[in-house]
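Hello,

Here is the structure for you to take over. Please open it first, then read the notes below.

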Amino acid sequence: MASSAAPRSKTKSKGLDPARADEYRGWLRQMLLIRHFEEKAGEAYSLGKIGGFCHLYIGQEAVAVGSLAALGPDDYITCSYREHGHALARGISSQAVMAELFGKASGCTGGKGGSMHLFDASLGFLGGHGIVGGHIPLTTGMAFAAKYRGTSQVAVCYFGEAAVNNGAFHEALNMAALWKLPALYLCENNRYGMGTALERASALYDISERACSYDMANEVVDGQDVLTMNAAMERAVTRARNEKLPTLLEVRTYRFMGHSMSDPIHGHYRTREEVEGQRKRDPIAGWSQRLIADGLMDEDSVRSMDKNVLQEVEEAYQFADQAPDPAPEELYTHVYAGEEGER
Amino acid sequence: MATLTYRDALNHALREEMQRDPNVFLMGEEVGVYQGAYKVSRGLLDEFGPMRVVDTPITELGFAGVGVGAAMVGLRPVIEFMTWNFALLAVDQLVNSAAKMRYMSNGQVGVPAVFRGPGGSALQLASQHSQAFESWYAHIPGLKVVMPATPADAKGLLKSAIRDDNPVIFIEGEMLYNIKGEVPEGEHVVPLGRADIKRQGSDVTIICHSKSVGVSLKAAEQLANEDVDAEVLDLRTIRPMDTEAVLNSVAKTHRCVVVEEGWPFAGVGAQVVDTIQREVFDELDAPVLRVTGADVPMPYNKQLEKAAKSDPAKVVSAVNQVLYRD
């Protein structure tokens, strides 16, 4: 769809900064990891090893990788339920994420959260959240806490474009702008809320313009280009950290797979032609070609990296498959804090 | 010991906890400049400033979520709802975020927050402003539900709620703010999860909470004139419920009436009755009866409203039934 085309990278004409070569190669590896991890998760789902809902991130990898690279170790992150990629890009191990998808005790939330509720508090990764828009006010609260304590932390919220029609989005952004909080609202506009196209759900096509209601800085970003994504995120993080002001980033991206495992890739709400057209802007192919063109990698090293990632994913799968289930008594732990926790 | 109103007892608890712990802050509609819709937060903005006494837009879902998010990263918010009727807009944050966070994160992230404000009916405020929601929140694992009936309990329970590491639903009585009572000064802490015998008795146990405690005590006075010695047990905390206190009292009196302001269907009393019949069935000399609000939205008309509310006469009548005195 031409109408979903995001503004293309302005940095493309310039050569890549060789001083950042390791970082750039690391982004490719992270994107490959997410891609292959999700492919494997889809396979495991089909085999019945993953239950419940499973929302894959294939096609959107550059968004999580490019944006999370701009954050510091103390920053706070919340996500929607399509968060496997963010968890991996933030540094939760592929084993811990896969084991969580399998519902195992060695998963990053002990098998209690599952695909939609990945957490690692030590990384500031404060959850995948299952109610559309529900985590947006939480992120405003984390930014409030940073301001309250006078730290330089920022709080980042990832959500899909369907969430912007929800009252929680409006309420949370209004308060963040009103109180000048170091918050960053990153809308991953993949064009569809489940099967409902953006223009069938939102009276306003350009989501970034919603920021005008809150007098908030905003930007439209090409989410299929990891470098563009990273640069936009760095501007927003700087604004939050230094000026204590929030930003709404509308990141235009595309979900290559169905909404969840039960949704075919194309069918009722989008055509095969549309999906195939979007796949031509594969963020991973684009970035690896760029690295090769700029001489930071060659085809052999890309192939070797790919192989290495596939190996890691296979190990994560084996780890998850062999990991133990949570002990039966775990049913009743962590309902309440403290000794007086009831059953 | 000072004599304070329920309102001022809450105010003292807030002030003392904010003095004690810099992570405690108060957020809600009209809590600052306006000094609180019910003046519970009077003087706090002057003492603690606008970063710790935060006026919000009318956005219950939003600021409840802000409170949960701030608590997830270690602050201890006290979130004021102008009334619990308005908190219906925030139920997603209370149930899906606050109550679940510790469990979903496998213990990594807790929500040490208090959500407080007046619940129940006042006078002629009609259907949308006269509701008792404690049974809703008590239904949710992960939440605690606290409902003080006296100024002393208001202070002591609010201090405990603020210090608790769990999300606490703290429902004040809208008609209780002006009642007066003796309140210990300084460090007066009432533990959560402990009921209190407000009147000792031997013939029947009246179990109640919040505004229904006053109703029950009045009924007990009337019953005393008829030589019926009623014990009045104030639950104080709905969840976790002090089942031991409930069972001990019923085992002593062998008869029980449960009084609450809310609707009958799946109300707090239903849970109390279930516990009693399972645990001390053989101690009972009569079926346990319940006195509740009428099973209707609250009407505006004064006479109809009176008919819809539990009152001492209805409690006396129920007690007479369990004593087979009718």
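Predicted model: local features only at pLDDT ≥ 70, side-chain atom pairs only at ≥ 80, totals over all residues.

A:R191 sits in the loop between β4 (183-189) and β5 (192-193) of chain A. Residues are numbered from 1 along each chain as its sequence is written, while chains are lettered from A and ligands numbered from 1 in the order in which they are written.

A:R191 is not a glycine, yet its phi is positive, about 85°. A:R191 counts as buried because it has 22 C-beta neighbours inside 10 Å. (Buried takes 20 or more other C-beta atoms within 10 Å of the residue's own, exposed 12 or fewer, partly exposed in between; C-beta atoms are placed from the backbone.)

B:S210 also has a positive phi, near 55°. Its loop lies between β10 (204-208) and α8 (211-225) of chain B. B:S210 is buried, with 30 other C-beta atoms within 10 Å.

The peptide bond from B:R239 to B:P240 is cis, with omega near 0°. B:P240 belongs to the loop between β12 (237-239) and α9 (243-253) of chain B. Most residues other than glycine have a negative phi, and most peptide bonds are trans.

**Chain B**

Chain B has twelve helices and 14 strands. Its C-alpha trace spans about 60 × 45 × 40 Å along the principal axes. Of its 326 residues, 58% are buried.

Which residues of α3(B) and α4(B) meet? B:L61, B:A64, B:G65 and B:V68 in α3(B) meet B:D92, B:Q93, B:L94, B:S97 and B:A98 in α4(B). (Contact means C-beta atoms, placed from the backbone, within 7 Å.) These residues divide into five nonpolar, three polar and one charged. (Ala, Val, Leu, Ile, Met, Phe, Trp, Tyr, Cys and Pro count as nonpolar, Asp, Glu, Lys and Arg as charged, the others, Gly among them, as polar.)

**Where the chains touch**

In chain A, 35 residues are in contact with 35 residues of chain B. On the chain A side, β2 (125-128), α5 (135-149) and α6 (167-178) each give two or more residues. The largest share, nine residues, comes from α5(A). By class, that side has 17 nonpolar, 14 polar and four charged residues.

Best wishes

Methods
Helix = DSSP H or I, 4+ residues; strand = E, 2+ residues; numbered from the N terminus. Contact = placed C-beta atoms within 7 Å.
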